[in-house]
Amino acid sequence: MKLHPILAALRRHKAGVVLIALQIALTLAIVCNAVFIIGQRIERVNRPTGLDESNLFWISQQWVGAPSADTADGVEKLDAMLREDLVALRNLPGVASVMPINSLPLRQSSWIGSVSLKPRAESGGKGNVRTAYYFADEQVLPTLGVQLVAGRAFNAGDVQHQGFRDNPPRPVVIITQALADKLFPQGNAVGKVIYSDGSSAPSTIIGVVARLQIPDTGSWSRDFAWYSTLVPTRLNANFANYAVRTKPGQLETAMRAVTPLLYKVDPLRVLDDDSVKSFSDIRAKAYRADVGMAVLMGVICLILLAVTAAGIVGLTSFWVGQRHRQIGVRRALGARKVDILRYFQVENLLIAGAGVVIGVLLAVGLNLWLMSHYEMTRIPVLYVLTGVLAMLAIGQAAVFVPARRASNVPPVVATRAV
Amino acid sequence: MFGYYLELAIRSLKRSPGLTALMVLAVGFGVAASMTTWSVFRAVSGDPIPWKSAQLFVPQIDNWGPNGRSSDGEPPVAMDYTDAMALMRDHRARRQSAMYQISPSIVPADAGKHPLNVSGHAVYGEFFPMLDVPFKYGSGWSASDDTNRAQVVVISSKLNQKLFGGANSVGQSVNIERRDYRVVGVLDDWNPQPRFYDVVNSGGFSSGTDDVFLPFQTAIQASISNDGNTNCNAVPAESGFVGLQHSACVWIAYMAELDDAAAVTAYREYLDGYARNQQKAGRFGWAPNNRLRDLPAWLSSQRVVPSDTRVSLLVALGLLLVCLVNTVGLLLAKFLRRSGEIGVRRALGAPRSAIYAQFLTEAGIVGVAGGVLGLLLTVVGVASVGWVLPKDIADLARLDVSLLVLTLLVAVVATALAGLYPTWRASQVQPAWQLKSN
């Protein structure tokens with residue numbers, strides 16, 4: 001098939017051609033970037049925290065008029081209250097393990113510090129690696145369901161307790177594999193010594209866990225999202241948080257039993273609707289904005305593609321109507337149905353081809369602009385290529401119906417006056 | 001004449017219902033997507049106190065030095081206790097308040113009820129007039145209450161409803177962390193979003209309300225510790241909440257009211273002078289690196305508007321643009337199909353302006369229909385943002401008359417603009433040609 005007659009015909013419909021090409025270009029640019037955003041968000045939401053997230057729930061509560069954590073005496077009293085809660089929770093039917101812990105992955109509230117290979121490292125200086133601390137007791141590994149890959153777990157003898165705002169030495173810690181690799185690229189972190197928060201007191205790494213995300217998911221913490229440090233310490237304050245792992249299928253029963261149980265231990269405390277939360281709720285809340293953004297982008301993409309496809313159908317139908325007679329003449333001169341069909345398909349391919357070329361430029365430009373203004377990364381070529389193929393396919397699909405109608409124009413039309 | 005054009009337009013639109021429906025749908029969806037995302041963007045990027053934001057300033061003092069600065073040289077975003085108290089003592093602005101976030105528990109007088117947890121702020125008395133905080137009953141406290149560490153409290157109307165059934169509770173007492181405080185004021189509905197007076201601790205938007213306000217020094221004395229962020233460049237030398245007050249950790253928000261440019265310049269000089277004095281005294285080992293931003297600049301430097309809402313608005317506007325390009329194409333096809341009719345009208349003496357009027361009327365009708373559909377879809381869209389967005393932000397997106405009017409206006413104006421080129425092409429139709437070819 002020769003392209004010449006098609007090009008000659010297109011030249012007579014400059015405005016229509018430009019409009020369709022422009023529409024395809026804009027659609028491609030927006031859809032590529034929107035789908036890229038969706039892909040990024042899905043990847044973010046699906047990354048594992050390192051926990052065994054089923055059968056895990058969280059309790060946050062606050063005592064009223066509790067002793068001050070600023071005095072040694074108050075700290076002892078607070079610790080006794082905390083241990084009393086632990087005993088009660090551990091005796092709850094259906095509970096597999098319980099521990100006090102300051103936060104959990106995705107909970108956003110965190111204790112961030114830094115660890116260094118040298119003592120008394122200055123804050124913000126080189127060689128400091130940012131980390132999020134989890135303060136818990138010897139039950140931490142089974143309760144979180146994180147996997148120990150080297151060294152040993154905490155035992156009851158490792159566990160200390162301290163006032164919430166105190167900073168005593170941390171003799172032993174467990175760190176994540178990611179943090180171990182960062183601090184000791186040669187491997188073998190177990191048994192090595194690190195210094196936390198510019199302290200001069202050494203902390204010995206006794207174990208390494210495979211993976212444990214920090215509590216924050218915001219972009220500011222992206223660089224150290226997997227650098228967690230576990231400290232065997234019960235924090236004493238006028239509040240205490242617990243993580244509970246239940247036996248399979250017992251999650252809801254155990255969660256319902258918690259509030260009455262804790263009120264029975266000590267009624268002078270605050271427990272509200274947000275106090276007892278399953279980990280799946282924590283996860284849903286943490287990623288709600290990401291899921292929402294993905295859904296919104298998805299809806300907009302669907303509308304865009306539908307509008308563009310419908311636009312192509314509409315305009316091609318108009319052209320078919322306009323060239324009714326010419327089609328009849330071609331048919332009368334011996335063109336087969338399939339020739340007419342091909343004609344419109346090739347015509348669409350030419351227009352869409354021009355559209356996607358401009359669209360690719362626009363897509364990359366939009367991506368660059370988003371990168372300079374917002375937190376975006378470079379769009380992978382695969383997204384753009386897929387977008388190009390999808391646009392061409394949509395163009396062909398949209399043009400098929402009017403093109404088929406054109407191919408059904410009988411040759412006799414040529415002989416009739418309009 | 002307009003009635004006639006209207007009739008012509010409706011007849012023409014009816015003749016190709018598929019094409020008409022397509023245009024109306026495109027305009028409707030494009031406008032609705034833009035307006036829904038706009039309603040969210042408008043809600044989060046609005047000025048929370050437009051009548052006064054130009055007079056409210058947030059000072060920042062570099063008490064950490066070069067190692068504690070962010071990569072772009074910015075000092076800490078909050079203050080340590082020492083600097084905040086020094087600024088309060090010097091009292092150089094018309095009004096000012098240091099503040100920190102608290103989360104105390106309240107024991108209801110009714111013994112059968114469980115204690116409840118509330119959030120709030122420890123502030124100075126000038127906080128209330130400075131921010132034009134509305135009171136339902138009573139008022140804030142005086143400067144002497146601040147210095148005397150009076151046991152007084154201002155509560156929200158929500159907490160007043162919960163504790164006192166909404167009655168005037170001024171003079172009543174509230175048990176906070178097992179101490180009694182006398183209510184001096186009950187706020188009217190006041191929950192500015194973003195929570196501009198302390199974005200560092202609230203993160204900008206918050207689905208809860210601030211229910212209690214205590215005098216700053218009263219709260220310090222009662223050891224009601226801070227509930228927000230504490231950022232330290234070094235581990236505090238002493239332990240506990242008192243140790244925090246003696247440390248260089250930053251946890252206190254600060255706001256000052258400065259009436260005019262002269263006051264701003266004077267305050268800036270005062271801050272630099274203060275930092276220089278600290279340098280001389282040996283507390284700071286670096287030259288002053290302070291900031292003094294007015295509220296809008298401060299909110300933008302803290303990136304309070306979530307970037308997702310901007311990106312969504314942008315993408316939705318892109319969708320609207322595509323829908324309009326689509327409408328231009330379809331209108332062009334529709335109008336030029338009627339070249340014969342145009343030719344006849346022109347030959348019978350209709351001027352170009354008549355053709356313009358006729359086809360713009362037709363475009364306008366598509367715009368109005370698209371706008372009405374857009375209105376319905378916007379209502380659905382705003383109602384369902386709660387499914388998609390985090391609660392604290394979704395709650396802010398509201399339908400109001402201005403949004404509805406804007407929706408209709410955008411639809412009609414956009415469609416009329418889209419109709420301009422096709423109409424121009426229609427008006428260029430040569431009557432002789434058309435008549436000949438028929």
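Biologist: Where in chain B does B:Pro194 lie?

Modeller: In this predicted model, B:Pro194 is in the loop between strand 9 (179–187) and helix 7 (199–202) of chain B.

Biologist: What makes the peptide bond that joins B:Gln193 and B:Pro194 a cis one?

Modeller: Its omega is about -5 degrees. Most peptide bonds are trans, and the bond between B:Gln193 and B:Pro194 is a cis one.

Biologist: What is the phi of B:Glu177, a residue other than glycine?

Modeller: Phi of B:Glu177 is near 50 degrees, a positive value. Most residues other than glycine have a negative phi. You will find B:Glu177 in the loop between strand 8 (173–176) and strand 9 of chain B.

Biologist: Why is B:Glu177 called buried?

Modeller: The cut-off is 20 or more other C-beta atoms within 10 Å. B:Glu177 has 20 of them, so it counts as buried.

Biologist: And B:Arg303: buried or exposed, and how do you know?

Modeller: B:Arg303 has 11 C-beta neighbours inside 10 Å. A residue with 12 or fewer is exposed, so B:Arg303 is exposed. B:Arg303 lies in the loop between helix 11 (295–301) and helix 12 of chain B, and its phi is positive too, near 50 degrees.

Biologist: Why is A:Thr71 called partly exposed?

Modeller: A:Thr71 has 13 other C-beta atoms within 10 Å. Exposed needs 12 or fewer and buried needs 20 or more, so A:Thr71 falls in between. The loop that holds A:Thr71 runs between strand 1 (56–63) and helix 3 of chain A. From A:Thr71 to A:Ser103 there are 32 residues in sequence and 24 Å in space, C-alpha to C-alpha.

Biologist: Let's go on to helix 3 of chain A. How do you know that its reach is close to the expected one?

Modeller: Helix 3 covers residues 72–90 of chain A, 19 residues, and reaches 27 Å from its first C-alpha to its last. At 1.5 Å a residue, 27 Å is expected, and the two values are close.

Biologist: Which residues of helix 3 of chain A are buried, and what puts them on the same side?

Modeller: The buried ones are A:Val75, A:Leu78, A:Leu82, A:Asp85 and A:Leu89. They cover an arc of only 85 degrees around the axis, so they sit on the same side of helix 3 of chain A. In general, an α-helix has 3.6 residues a turn, so residues three or four places apart point the same way. The face turned away from the buried side carries the exposed residues A:Ala72, A:Asp73, A:Ala80 and A:Val87.

Biologist: What do the buried residues of helix 3 of chain A pack against?

Modeller: Their partners in chain A are strand 2 (95–100), strand 6 (160–163), strand 10 (228–236), strand 11 (239–246) and helix 6 (251–265).

Biologist: How is chain A divided into domains?

Modeller: Domain 1 takes 4–45 + 289–415 and domain 2 takes 65–267. Their centres, over C-alpha atoms, are separated by 55 Å.

Biologist: What is the domain assignment of chain B, and how many residues of its two domains are in contact?

Modeller: In chain B, domain 1 is 2–47 + 306–437 and domain 2 is 62–257. Their C-alpha centres lie 51 Å apart. Six residues of domain 1 are in contact with four residues of domain 2. On the domain 1 side, helix 15 (residues 391–394) of chain B gives the most, with three residues. That side has three nonpolar residues, three charged and no polar ones.

Biologist: How many residues does the contact take from chain A and from chain B?

Modeller: There are 52 residues from chain A and 47 residues from chain B. On the chain B side, the largest share is the 19 residues of helix 12 of chain B. By type, the side of chain B that touches chain A has 28 nonpolar, 14 polar and five charged residues.

Biologist: Which residues have the most contacts inside the largest nonpolar core?

Modeller: They are A:Leu28, A:Ile300 and B:Leu319, in a core of 109 residues. Helix 2 of chain A provides the largest share of this core, 17 residues. Beyond its neighbours within four places in sequence, A:Ile300 is in contact with A:Ala34, B:Ala33, B:Val315, B:Ala316 and B:Leu319. Another core, of 72 residues, lies apart from the largest one, and B:Ile106, B:Met130, B:Cys232 and B:Leu244 are among its members.

Notes: Residues are numbered from 1 along each chain as its sequence is written. Chains are lettered from A and ligands numbered from 1 in the order in which they are written. This is a predicted model: local features need pLDDT of at least 70, side-chain atom pairs count only at pLDDT 80 or more; totals for chains, interfaces and linings use all residues. A nonpolar core is a set of buried Ala, Val, Leu, Ile, Met, Phe, Trp, Tyr and Cys residues joined through C-beta atoms within 7 Å. Helices (H or I, at least four residues) and strands (E, at least two) are DSSP runs, numbered from the N terminus. Two residues are in contact if their C-beta atoms, placed from the backbone, lie within 7 Å. Ala, Val, Leu, Ile, Met, Phe, Trp, Tyr, Cys and Pro count as nonpolar, Asp, Glu, Lys and Arg as charged, and the others, Gly among them, as polar. Domain bounds come from an automatic or database domain assignment. The expected span of a helix is 1.5 Å times one less than its number of residues. The arc is that of the directions from the helix axis to the C-beta atoms.
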